[in-house]
Amino acid sequence: MKFGLPDGHSLSKSIIKNLVFSDGETPALSDIQFDALEAGVGRGRSLLVVSPTSTGKTQIALWAIAKGVENACNVVYLVTHRALAKQKFEDFKSLLLAQYFEDSESSLVIATGDYVEDANGEVVTHPLGAHVLVATYEKYLALLSSSGIPADMTSTVIVCDEIQLIGDEHRGQHVEVLLTLLRNAGWKQFVGLSAVLEPRDAKDLADWLEVSLVINHTREKHLHYECWTDHGIAAVTTEQPEKIEEGISLPVGIKLDAISVLTYLLKQKSPPPPLPIIVFCMKKQDTYELAQKFADEHVKQEQKQLYLPFEGVPETSANTILSRIMAKRVAFHNADLIDEERHIVEQYLLDGKLDVVFATSTLAAGVNFPLGAAIFASWKRWNGSRRSYVAIEADEFHNMAGRVGRMGFEHEQGRLIFIANKSELRLAKRYLNLGALPSLQPRITPTRFDQLVLQLVASGLCKSKEDVNELVCNTFSALREQSTNPINFDTWPEKLSYAITILRDECFIIEGSSGNLSATPVGKVVAFSGLLPDTSSFLLKYMASKANRLVPLLPTLENQGDITRLALALLAACYSAPEFRTYNKKPPTRFLPYPLENKIVYDVKTNRLDLPESAWEVDPTPINAAGITIDWMEGADFRKLESMLPQMSAGMLREMFRNCVWALQGFASIIEAAADVTVPESLRPKQFREIELDLALVRKLPRVIRRISFRISEGLPDDVLWMKELYSPDSSFKLFRTEILDLRKKGFIRPEQIILGSPDADAVRVAVFENAKPSAQAKANWLRDICRDWKKNLRKRISDKHTKRARRCSNVSFVQEFYNSRGTEFELVFEKILAALHIKFEKLDDKTKTGAPDYLIKLNESPPLVLELKSKDGDKLVEYNKAVEVLAASEVHGHKDVFCVTLCHPGVDPSVPMVISSCGRLSVVESTDLGEALLRICEGTLTQNQLWKWLATPGQALIYDLPFPDYV
């Protein structure tokens, strides 16, 4: 610990006051913090900071962030996991918003695979423009792949937390690609953070990034490592890492298992037990079994609980157990838990309500918890390739150990205990060599050169083969390969050229006669989606061959269709793709739950021809996954799904659903781009050129696929999906999935049913909320009122938000007029907005032509659109008959081949979007969604051609479908 700031630290008074710890009036810094200031982090110098866990590295990052904000720079803070992103986001809200952004919630944005929103919970349409963006590595890469690397990033501060992820077996390539892109684009300041980089790796990585290395292995709070064996204890402390003490006697009567060691620690009186204690397990099943065994056999006194910790959380087998053992101050934490369960366990830990938690490494993913001691129940993990249990690497062991005895918590030091039998002793003792860490392994390899090349070309960073060779052969992995395996490295240019050939044959990129490379429209979407090129080719081939079977399954007004059968086929295609299954000897990048492989759960009899593989029994896993996903989106609860297969867990299912949503959204975007009628035939993917394919047929499916993905993310049938929009920012009430499904069971599926004031309707609402706090009646009244004012409140929030943004445009008054007017007044303000945005239009309904549609819209570089305005008094919604009137009107008045749009103001009935998808020539758009699109036209972040593509896709045009700004 050092007191005072070094000379030339350059921190402002505001940063010193708000973001520097003090001992009284004197700044108190850890050694690494002092070193970082000396190295110039406060002066804008770029650094790689390597220091053990819990030495205050995040505070160093905060100084760089605050300096960047003070200098009007944008800041990007990159993290490894969603949970860590959420924690940092919440930390920054409390530390930065008031002091540096005058509580402007839009200044701080979080972007993960699940959502992109600001500190006010609003969906963000231009995350790359945020003052401070907290993102996972993969999500930021996806945002840049979509928008392209800006030509100038020299006003951006980049912070990379847990930068050793660059060596991760599964995720390292994405991280290295991102760092390569950023390194070549430049930055204002770069700060990389790591606790477990070996010195040589740290130097090589710093040299490659061209930043200064600041490395200090001193801990402020020391860890005491103990290896317990039959022959005694071997121990070492981080205070004297070179001194390993052996032959220390074991406690009398101790058994060498995790429960015995745990009970021994808890019985100690002097010193008192270092609570809370974490017991690390290598198998998820061990966390359940050990936690229950300990709670049942060794904790007798239950605490009185005044409330249920899992109220509102879907019932699962895990929280059924947790509800019981957490009353004894015991819990477990693993990847099988759903997000809500993990959050509750973590909050209990932070609040001091737990003494013991049994966990896998999920609780060691960078998040700070007040852990006093750790016991490793095991330190070997099953390795499927070797078919044996293998010791975890030293860096993972020390990273998990480093979660104990952290700065900011009361423990003087942390204590680590791990157990080894006689045959394991030599292997176990390597963890006592605190300086020994495994070397970073190169993760950019020829195996995935196709994906890498497509990302580089689509981002605009590489425009020729020479550019690709230059960039890839100067990555960190390339430099390592060149030094360790030069013969193999010499083959990289040839393999890159082959990857370019494959991408060119698939028509994901095109090559000019001069050698210039460019991504096709579909190629750009594939790069943005994050899907493998192999997966994209697989799905395009599937769609080209099956579209004529799938489209007839869409519902119409006369025929309810078969959405379940359609969804099963689409899901089976996604789950069969190279993303999830081994393909051409390449392993998958995402994994389906292993219990799905054990037996056939779903027997598909009549729909074989819909599937990508009619002989699906050869590999039933994709069909099992698709069937379970169908059950989930039709309302099945987790307990039912878990019971279908041994060892199936809600956490496995939730992760599978999350991956499925991501894949479906990519699938929808890819086929939408492939069927774009404005794209020349020569730029379409080969799968769409090899057979005679009706593009109008394919264009009916993208929005249906997106709607299915939304249903999976929420786990709801289509007829009640609209209820997820019911939201009140000033209320503590929230409508849960189980409550929505209960309302559906009672026949309440439409807005007009829920707002009924009759005694019978009130009784139904009260019955659904019988367990609600403070009372069922209070929540029933809330639902009735929020549903009644649903569209009005939504319109008011978006109107206010758009009014603030429109200050940068002319004619700000148009925003309020657009949202508040009706009838003829609405038409007039709509025409004024089109004129202001230089959007050409022809007024078709001049009051002399009976039944004529309202407008012919002529967007730049796009076919015309027939547009009809439908506005309703109050908050009534546009029903089906009114939404489709424009189709007949367009035909009568000479526009039978022109795509039609119905603008619904204030909104459209929830039953309309799915039914109109099958017609293929109509979309509906609500005024709030179109308002966002028009504002982006004003801001210059959306082109008129992009607006046309968004409107001219059958179904409902939603804000979420709008593209991010395209810089390429």
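Helices, of at least four residues, and strands, of at least two, are DSSP runs numbered from the N terminus. The loop between helix 21 (563-576) and helix 22 (621-633) is named in these terms, and Asn584 lies in that loop. The structure described here is a predicted model.

## The chain as a whole

The secondary structure of the chain comes to 39 helices and 29 strands. The radius of gyration is 30 Å, close to the 30 Å that the globule rule gives for 968 residues, so the chain is as compact as a globular protein of that length. Along the principal axes, the C-alpha atoms fill a box of roughly 100 × 75 × 65 Å. Of the 968 residues, 57% count as buried. Among contacts between residues at least 6 apart in sequence, 70% join residues at least 24 apart.

Eight strands form an open sheet with mixed pairing, in the order 14-13-12-21-18-15-17-16. Its edges are strand 14 (240-248) and strand 16 (330-333), each of which pairs on one side only. On average, neighbouring strands of this sheet are turned by 20° against each other, direction ignored.

Within the sheet, strand 12 (residues 223-229) and strand 13 (residues 232-237) run antiparallel and are joined by six bridges. Trp228 stands opposite Ile233 of strand 13.

Strand 18 (residues 373-376) is covered on both faces: Ala373 and Ile375 are buried on one side, and Ala374 and Phe376 are buried on the other. Strand 18 pairs in the parallel sense with strand 15 (residues 277-280) over four bridges, and Phe376 of strand 18 is the bridge partner of Phe280. Strand 18 is also joined by four bridges to strand 21 (residues 414-419), to which it runs parallel; here Ile375 stands opposite Ile417.

Two helices are placed against strands 16 and 17. Helix 9 (residues 284-298) lies across strand 16 and strand 17 (356-359), running at about 180° to strand 16. Helix 11 (residues 339-350) packs on the sheet and touches strand 16 and strand 17, its direction making about 135° with that of strand 16.

## Strand 9 and its partners

Strand 9 (residues 156-160) is mostly covered, with five of its five residues buried. Thr156, Ile158 and Cys160 are on one side, and Val157 and Val159 are on the other. Strand 9 pairs in the parallel sense with strand 5 (residues 74-79) over five bridges, and Tyr77 stands opposite Val159. Strand 9 also runs parallel to strand 10 (residues 189-194), joined to it by four bridges, with Cys160 opposite Gly192. From strand 9 the chain crosses through helix 6 to strand 10, and this β-α-β crossover is right-handed.

Which residues of helix 15 (residues 465-472) are buried? They include Val468, Leu471 and Val472. Seen down the axis of helix 15, the buried residues fall within an arc of 90°, so they line one face of the helix. An α-helix has 3.6 residues a turn, so residues three or four places apart point the same way. The face turned away from the buried side of helix 15 carries the exposed residues Glu466 and Glu470. Among the elements covering the buried residues of helix 15 are helix 6 (172-185), helix 14 (449-458), helix 16 (476-484), helix 18 (492-505) and strand 23 (517-519).

## Backbone features in loops

Most residues other than glycine have a negative phi, and most peptide bonds are trans. The table lists departures from this pattern.

| Site | Feature | Value |
|---|---|---|
| Leu275 to Pro276 | cis peptide bond | omega near -10° |
| His905 to Pro906 | cis peptide bond | omega near 10° |
| Arg329 | positive phi, not a glycine | phi of about 65° |
| Asn584 | positive phi, not a glycine | phi near 50° |

Pro276 is placed in the loop between helix 8 (258-267) and strand 15. Pro906 is in the loop between strand 27 (899-905) and helix 37 (912-916). Arg329 is found in the loop between helix 10 (317-325) and strand 16. Is Asn584 buried or exposed? Asn584 has a relative accessible area of 57% and is exposed, because exposed means over 50%.

## An exposed helix residue

Thr824 is in helix 34 (residues 823-836). Thr824 is exposed, with a relative accessible area of 55%. The C-alpha atoms of Thr824 and Val453 are separated by 53 Å, and the two residues are 371 residues apart along the chain.

Key:
Residues are numbered from 1 along each chain as its sequence is written. This is a predicted model: local features need pLDDT of at least 70, side-chain atom pairs count only at pLDDT 80 or more; totals for chains, interfaces and linings use all residues. Side-chain values use heavy atoms; hydrogens and water are left out. Two strands pair if DSSP finds at least two bridges between them. Axes are lines fitted to C-alpha atoms, for helices over the stretch in contact, and angles run from 0 to 180 degrees between N-to-C directions. Contact means heavy atoms within 4.5 Å. Buried means under 20% relative accessible area, exposed over 50%, partly exposed in between (1.4 Å probe, protein chains only). The arc is that of the directions from the helix axis to the C-beta atoms. A crossover is right-handed if, with the strands pointing away from the viewer, the path from the first strand over the helix to the second runs clockwise. The radius of gyration is taken over C-alpha atoms; the globule rule is 2.2 Å times the number of residues to the power 0.38.
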